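Subject: Structure for your review

Dear colleague,

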Amino acid sequence: MPVAVLFLVSLSACADRGEQLYTDNCATCHGHRGVGGVGIPIGLKSFLEQTPDEYLHRTIRVGRPGRIMPSFYRLSEDEISAIIKHIRSWKKTDIPQWQGQRIRADAAKGQQVYEKHCQSCHGKDGKGGKGTGKMFSRPRDLPIVPPALNNQGFLNSVSDQMLRNIIKHGREQTPMPSASELKLSDTDIDNLVAYIRSFQITLVTGEKILDESPILIYDSRHSYAETISNIKKAVLKQNYQLVKAHSLDHGLVPAGAKSQTETMVYFCNYDVIYDALAIDPRIGMFLPCRITVTQNNGRVQAMSINPKRLSQLFNNDELDQACERMHETYSVILKEATQ
Amino acid sequence: MKALIQVVSITLLLLLTPVSQAIITGELIMIRSEKAFPEAMRTLQDAIRSQGYVMMGVQPVDERLSKRGFKTDKYRIVFFGKTEQNKHLSDLYPELVPYLPLKIVIYAEADETLLVTADPAAFIDLYPHPGLRNVFRQWHEDMLRIMKTVQAE
């Protein structure tokens with residue numbers, strides 16, 4: 001009897017394992033029980049009915065390069081299977097078992113259909129809607145950001161049959177209409193699948209190469225005090241507001257004991273912050289905007305985080321573009337203040 | 001024989017009991033807490049202090065945006081550190097200062113709360129000084145404990 005109880009408890013532990021893995025790796029973006037967030041609502045009955053386990057498996061494995069969903073290359077096969085089993089436990093649906101045959105059709109004609117019926121949501125060349133999903137209570141145009149159909153992670157996960165099914169039936173509880181609502185024929189659908197498939201190239205998966213330097217750093221030709229003053233002037237020229245300036249140990253030590261060898265100049269542009277938060281709500285990791293001036297054995301340096309390096313942690317192409325601009329802003333300020 | 005079966009069963013049970021994992025994408029640590037923002041914020045600050053850190057400040061991003069007419073929900077950045085450690089690190093490794101002090105971003109999503117921070121273990125590649133490796137590993141462990149405390153029901 002004790003053995004039977006232990007066996008049942010261990011079975012329960014297996015189920016809990018899938019739930020724990022989901023909580024740890026997926027719930028942050030997809031919400032508990034897949035209600036959605038930054039990530040799509042994978043708990044929708046229509047999603048689960050249209051999605052084979054192979055798609056879920058590949059998606060977890062390869063992610064969506066540049067579209068926030070990371071590649072969970074560190075998870076074992078068992079762990080991925082446990083997560084999928086947990087996802088399936090939310091709703092009782094049939095699991096599609098489509099064969100993997102390619103659909104041979106006319107991609108050029110599919111492009112015409114795409115441009116007429118799909119581009120307004122899924123973007124030119126299948127690049128997807130802008131921004132993330134939920135944006136912490138700010139109104140958004142669509143309940144779900146239209147996926148990027150040209151994303152290599154998506155194309156390496158989805159079969160032609162799955163694509164066909166989604167186009168044919170649409171997806172309930174999302175803005176995705178069915179083919180009949182759009183008056184598309186079966187030939188139109190096949191051509192559309194062929195067009196979407198034409199975006200696919202070879203996908204390289206696994207650990208990312210993070211190659212940007214962590215900081216921007218410049219030696220200053222000026223004194224410590226002059227460099228700090230120059231930073232402030234350069235910040236204002238870039239249309240940022242100065243917020244404050246103090247040492248790293250501010251708040252930790254009494255006023256008289258603060259460091260005399262480093263000063264952090266804080267600045268802000270709230271329009272820029274608001275726009276950046278719409279791209280990715282996690283950008284608080286880049287804040288506050290700040291440049292540090294240090295002096296050490298007569299050497300004065302000014303430095304900041306490198307936004308391009310930090311952006312590499314987020315797997316968000318839109319954010320990468322914003323960080324290119326931020327990198328330029330920081331570089332201009334640093335150069336003006338130190339040269 | 002009965003004792004052997006019991007030992008094997010217990011061993012199997014322990015092996016199959018889920019061990020809570022880090023929520024790490026490789027470079028970021030993120031969690032979703034079912035606590036509403038105010039409670040999550042209190043729990044976060046308590047968890048930070050319980051790991052021996054001092055609260056160094058909270059950046060109220062939401063308040064500053066709201067004052068300028070932007071519509072936003074709760075969004076804060078919590079900064080924390082250890083006095084002596086910060087001084088020691090900034091003296092020896094000034095190039096680390098742009099990433100100090102440690103911080104966690106915490107924001108509301110309806111009646112739940114999301115937290116995100118950079119995984120300090122990722123700093124090992126950014127700053128490959130032998131003297132910093134153990135510091136980053138300790139921060140990594142501390143961050144995981146802090147985040148899991150807020151995530152716990």
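In which sense do strand 3 and strand 4 of chain A pair, and over how many bridges? Strand 3 (residues 262-268) and strand 4 of chain A pair in the antiparallel sense, over 6 bridges; two strands are taken to pair if DSSP finds at least two bridges between them. Helices (H or I, at least four residues) and strands (E, at least two) are DSSP runs, numbered from the N terminus.

Before the remaining findings, a note on their basis. This is a predicted model, in which local features need pLDDT of at least 70 and side-chain atom pairs count only at pLDDT 80 or more, while totals for chains, interfaces and linings use all residues. Residues are numbered from 1 along each chain as its sequence is written, chains are lettered from A and ligands numbered from 1 in the order in which they are written, and side-chain values use heavy atoms, with hydrogens and water left out.

Strands of chain A

A:Asn296 stands opposite A:Arg299 in strand 5 of chain A.

Helix 9 of chain A

Helix 9 (residues 160-169) of chain A is largely enclosed by the rest of the structure, because 8 of its 10 residues are buried. Among the elements covering its buried residues are helix 3 (45-50) and helix 10 (186-197) of chain A. After helix 9 of chain A comes A:Gly170, with a positive phi near 70°.

Nonpolar cores

A nonpolar core is a set of buried Ala, Val, Leu, Ile, Met, Phe, Trp, Tyr and Cys residues joined through side-chain atoms within 4.5 Å. The largest has 76 residues, of which B:Leu44, B:Phe80 and B:Trp139 touch the most other members. Helix 6 (residues 130-151) of chain B supplies the largest share of this core, 9 residues. Another core, of 40 residues, lies apart from it and includes A:Leu21 and A:Phe154.

Yours sincerely

Notes: Buried means under 20% relative accessible area, exposed over 50%, partly exposed in between (1.4 Å probe, protein chains only). Contact means heavy atoms within 4.5 Å.
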